[in-house]
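Please open the structure in the viewer and keep the selection panel at hand.

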Amino acid sequence: MNTTTAAAVRARELRKDFGEGPTRIEVLRGVDFDALLGQLTFLVGPSGCGKTTLISVIAGLLDSSGGEVELFDQNIERFSATDRILFRRKNLGFVYQQYNLLPALTAAENAAVPLLAAGVRRRAAVDLAKSVLVKLGMGNRLDTLPSKLSGGQQQRVALARALVHEPRLILCDEPTAALDHATGESVMELLAENAVHSDRAVIVVTHDSRVFHHADAIAHMDDGRIVKTESRHENEIKIPELEDAVPALI
Amino acid sequence: MNFIALKMLTGDRAKYLGLIFTIAFCTFLLENQTSIFAGILKRTGSQIADVTDADIWVMDPKTEYFEQTKALKDTDLTRVRGVEGVQWAVRLFKGSPIARTNDGKFAATICLGLDDATLTGPPRKMLLGSWERLREPDSIVVDKAGYVLLYPGEPLELGRTLELNDHKVTIVGISDPPAPFLSFPVMHTRYSEAVNFVGRERTQLSYVLVKPQAGVKAEELCKRIEAQTGLRARTSEQFQWDCIGYYLKNTGIPVNFGITITIAVIVGIVVAGQTFYLFTVENLKQFGAIKAIGVTNWRLIGMILLQAFTVGVIGFSLGTGMAGQFFDFFAQKIPTRGLVLMWQSVALTGATIVFVMILASILSLRRVLVLEPAVVFRG
């Protein structure tokens, strides 16, 4: 597989610091990371290792402190603020641990938000969102408010919101963390079935090892670095600079 | 995105209603206090405004307001009549005799003595009888509020007698003039009768009422009268403003109302502003999610301004409605008659509410604009 042309996300020596002087914290310490099109890539590791910061930088929600990150061969950090927002609106979908649904909107309206943000008319956007929700098994809860939905149902709405505008990259942050195992499994199945396409990459941040079997690739992260990558299809395991990164693992 | 902004706003029912009622209450308080303030000050010139026949009031040079009269000489009337541009000039007496009913109830009054020949300056609105009957001897027209004060609980009735400074007079009419600043009965009678009621002084003439000739401006004629007679001449409007200015300068009314109005503005700014600000802060995560999805800052500004505009308009409309109902109700009461919701108060309050909501929006916007969309990834 040619990983250069097929990479949706390509990060090299990516660094991110917070604070300055004595309070400066290095969260990302030179991350090399690839997420390929057509694959469900898991980013795993212990709490505080920098997973969420990494996907925030990948999404352009945070600026990096050094290194490079390219999305579809474009370095979005070189974009103007507005262009970055427009790029994100068009190309990225998000699924969050806490769903982040708007409580005043119905399931269909929540799922339609990316389309509304893109200027699609309300009726058309909501109709399209309803069709996605139906695919995700939410056909009978289209007009229900989030407060009346279970955790699994809310996450399905969040998934519909991430899919509705057909982005090329979907970023999921701990999508099963707030769910029981069976519900989490079902959400991951829906994600694998509906989100993974040949022209789309999906990155899932998780530390829920029970759902690892859905992954096409797993990037292990620790202490601000990718310490190991595994690819299910190629049975490939890379351990870059492992001796420096995590001596305890050797 | 506008409908999302409105749904976010109305979704939190408690805060939404809280915001609306805060703004409505602030609106009510501001409109209420400013209108009452303006209405009370307007009362200081009620008797001037009620004289529509004449355009100019001539008085002693030191007179500052309506209640403060120093008698002119009878020859002053002739001197004024001699000024070029004067169509006619008549005398007006103002005194404060004590009225006493047959039951012994008494009250100080505002007694206006109209020119015997012309009866210039009668009350414009009569409820019973007619002011033409003032030509009858010992007759007076009393205002409704005065009648109710002197004869509480009794029906309006003509022909009743009372004493004005020991002079027996008969009520030949009941009028409804604008409420005076002091809650005294307003009595109209003829000039010659009035000076009798009050008692003889060397001179009695309080004011000379003047009508300019056609084509002569009242302001110009005032200057001419002042130059030729040495007296003070003011147009009706100028004299009313003189009265308002006097009370503003020499009484505690503006301070008292000013404090209330200031408190209303501060409460409005603090409570409405803080509630709206807290509403935004509590929705920061929602704004973060929208921002992460790809909504521009300009769109977010539009959403917040729409929310502020919506609660502002609804709150202001409700408050104005409440103030309208308040004045409508109290306009029926004798002590508060004539106090109306003034359009100037509504406009001023509207501007204040716009200011409050813009201020609250700016505070809220600052939080949203500096918000890092990455906040959505924090559990």
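Which domains does the domain assignment of chain B give? Select domain 1 (2–43 + 252–377) and domain 2 (73–230) of chain B; such bounds come from an automatic or database domain assignment. This is a predicted model, in which local features need pLDDT of at least 70 and side-chain atom pairs count only at pLDDT 80 or more, while totals for chains, interfaces and linings use all residues. Residues are numbered from 1 along each chain as its sequence is written, and chains are lettered from A and ligands numbered from 1 in the order in which they are written.

The C-alpha centres of domain 1 and domain 2 of chain B lie 48 Å apart. Five residues from domain 1 of chain B and seven residues from domain 2 of chain B form their contact, where two residues are in contact if their C-beta atoms, placed from the backbone, lie within 7 Å.

Next, display both chains. Their contact takes 24 residues from chain A and 22 residues from chain B. On the chain B side, α1 (2–11) and α10 (284–293) each supply at least two residues; helices are DSSP runs (H or I, at least four residues) and strands likewise (E, at least two), numbered from the N terminus.

Now select α10(B). Eight of its ten residues are buried, that is, 20 or more other C-beta atoms lie within 10 Å of their own, with C-beta atoms placed from the backbone. Among the buried residues are Phe287(B), Ile290(B) and Lys291(B). Their cover includes α3 (81–91), β5 (92–95) and α5 (113–117) of chain A, together with α1, α11 (297–330) and α12 (343–369) of chain B.

Move on to the largest nonpolar core, which has 178 residues; a nonpolar core is a set of buried Ala, Val, Leu, Ile, Met, Phe, Trp, Tyr and Cys residues joined through C-beta atoms within 7 Å. Helix α2 (residues 13–43) of chain B gives the largest share of this core, twelve residues. Val9(A), Ala129(A) and Ala160(A) have the most contacts inside the core. Centre on Ala160(A): the residues that Ala160(A) touches include Ala111(A), Ala129(A) and Leu133(A), not counting residues up to four places away in sequence.

Finally, select Gln39(A), in the loop between β2 (25–36) and β3 (40–44) of chain A. Is Gln39(A) buried or exposed? Gln39(A) is buried, because 24 other C-beta atoms lie within 10 Å. Gln39(A) touches Ala201(A), Asp216(A) and Ala217(A), not counting residues up to four places away in sequence.

Terms used
Buried ≥ 20, exposed ≤ 12 C-beta atoms within 10 Å, placed from the backbone.
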